[in-house]
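Morning, everyone. Let me put the structure up.

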Amino acid sequence: MIFSLIVDGLAVGSVYALVAVGLVMLVKSTGALNFAHGDFMMISTFVAYSLLVQLELPFWVAIVGALAFAAVLGMVAERLVIRKLMTGPMSGIIMGTLGMAYILQGIAKIVWTDDIFKFPEFFPGDFVKIGSASISPQSIGVIISAIIIITCLYLFLNLTKVGTGLRALTQNKTAATLMGIKVTKVYSLSWALGGILAAFAGILLAPALYLSTGMGGITFTGIIAAIIGGFGNMFGAIIGGYLLGILSSVIPVYIPTELQGIIPFVLLMLVLFIKPTGILGKKMVKKV
Amino acid sequence: MLKLNNITCSYGKVLALDDVSIHVEKGALVSILGANGAGKSSCLKAISRLLKLQAGQLLFQGNDITKSTPEQAVHNGIIQVPEGRMIFPDLTVTENLTMGAYCRKDKKEIQNDLEKMNSYFPILKDRRRQIASTLSGGEQQMLAIARGLMARPKILLLDEPSLGLAPVIVEDIFSFLLELKQAGTTILLVEQNAFMALQIADYAYVLETGKVTLEGQGKELLENERVRESYLGIKKSK
């Protein structure tokens, strides 16, 4: 029993990890904590749903369509909201991205109503028996997909010129400009990638959960995962995501249902109590 | 090759450059001297197009580049090695070097140039897989210069390459710059270390609070009383 709970937790954790990695990438590249990240996810997943169920298009067309939508959404958000706000104080960015979150929720409610929808499973089939535990093929599919997506992101950032340029830009903007790296192009690219990561997360999450306009709240779970892992560290975000996923799958068995919602926050406080910078976080050096 | 004609720039209300004219001939090594805040770095920022001009004109190889962007400056072959080195701390040495060639498309030649940098600075070859922040100050300066050269500069702008380095290493770096010059690279060098800069310069400008107050050949300025007193710390002997 515990084994199948852990596998389910890993599946949910994969989604948290994708959300957290996207958030961290945006913070590192443009300094913006994207409170609309979960709503990027929500609305892109609705787009996938419409293409798949309402227009009855094949799976891959729906996925590619939703990813393309998410990429464009990310770029538009960067161009219209982030680029102006990032030169100002952090509070401006917070309110700007929160504003985007409400706008996207509003649009989604108009287009798809407040109802909940059943999203078809991508990995159907019988439960796999391992010992006494039975594991859903959906969970296994989600875990493998997430690993593939994160690996692709890692390879892109480390082995391609543009990916390395993005990392260079996050480390020293002036120097990157002096290399001839077009800063605005890279910002745009990173928000397109952020959108794509969010859309992937939503498409993997939706079959396990019902699809609704309220699912954007996952932003906060993602932020908590990122902080637990050591804010600003992508590997940390992945670890934080999986840790949160497993614990919020296993612990509810032992505690009253009403307390489920506080698991992430308790874990957050525990980790920060032991290591204030998070699991992989470096010591912050404040420059005077 | 590079001409700054009567350039004026400011940060907000603070005037950084006031009617400055500087010329750099092809193949020459030109130095800009001056105290902290005299406007030396602003000059290079203006040339790299990081700083907007309020008045004046920038000419590079006969073309007006006054309105071009920082990326266009790099594409034109104007490459700056910034003050404080500004290497990418979490990238490896090799990644830092390849970033220098970001605007180039000739993959084979880039590979050759990587080899060339390794022969210029063998220490960088030994450390090629290391994260750049683990290098010593001198090694970081070598990396910053090598990264600049990876762009195949038509003119190399260097901002205080001696800053914070031990005298022995400063000498290494200056003799390397001299070699570069002799190999045909055009160099514009900004320095507080006036003695070193004047020794290798063909021509030099002295900036004081945003104005050019003195200019001449490197050797001439080394003998100039005012330069000796203000920048070399040598009192006039009776």
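Start with the sheet in chain B. This is a predicted model. The sheet is open and has four strands, in the order β2-β1-β4-β5, with antiparallel pairing. Which strands sit at the edges? They are β2 (14-24) and β5 (63-64) of chain B, and each pairs on one side only.

Now look at β1 and β4 of chain B. Strand β1 covers residues 2-11, and strand β4 covers residues 55-60. Five bridges join these two strands, which run antiparallel. For a landmark, find L4(B): L58(B) in β4(B) stands opposite.

A helix goes over this sheet. Helix α1 of chain B, residues 40-47, lies across β1, β2 and β4 of chain B. Its direction is at about 110° to β1(B).

Next, chain A. Two packed helices are described by the angle between their axes and the distance between the axes. Here the pair is α3 (residues 59-85) and α8 (residues 183-205), both of chain A. The angle is about 135°, and the axes are 7 Å apart. The crossing of α3(A) and α8(A) is right-handed.

What residues make the contact? From α3(A), they include I63(A), A66(A), L67(A), G74(A), E78(A) and R83(A). From α8(A), they include T184(A), Y187(A), W191(A), G195(A) and F200(A). By class, the contact of α3(A) with α8(A) has 15 nonpolar, four polar and two charged residues.

That's my tour. Questions, please.

Terms used. Residues numbered from 1 in each chain as written. Chains lettered and ligands numbered in written order. Predicted model: local features only at pLDDT ≥ 70, side-chain atom pairs only at ≥ 80, totals over all residues. Heavy atoms only, no water. Axes fitted to C-alpha atoms, helices over the stretch in contact; angles between N-to-C directions. Left-handed = near helix turned anticlockwise from the far one by under 90°. Contact = heavy atoms within 4.5 Å. Nonpolar A, V, L, I, M, F, W, Y, C, P; charged D, E, K, R; others polar. Pairing = 2+ DSSP bridges.
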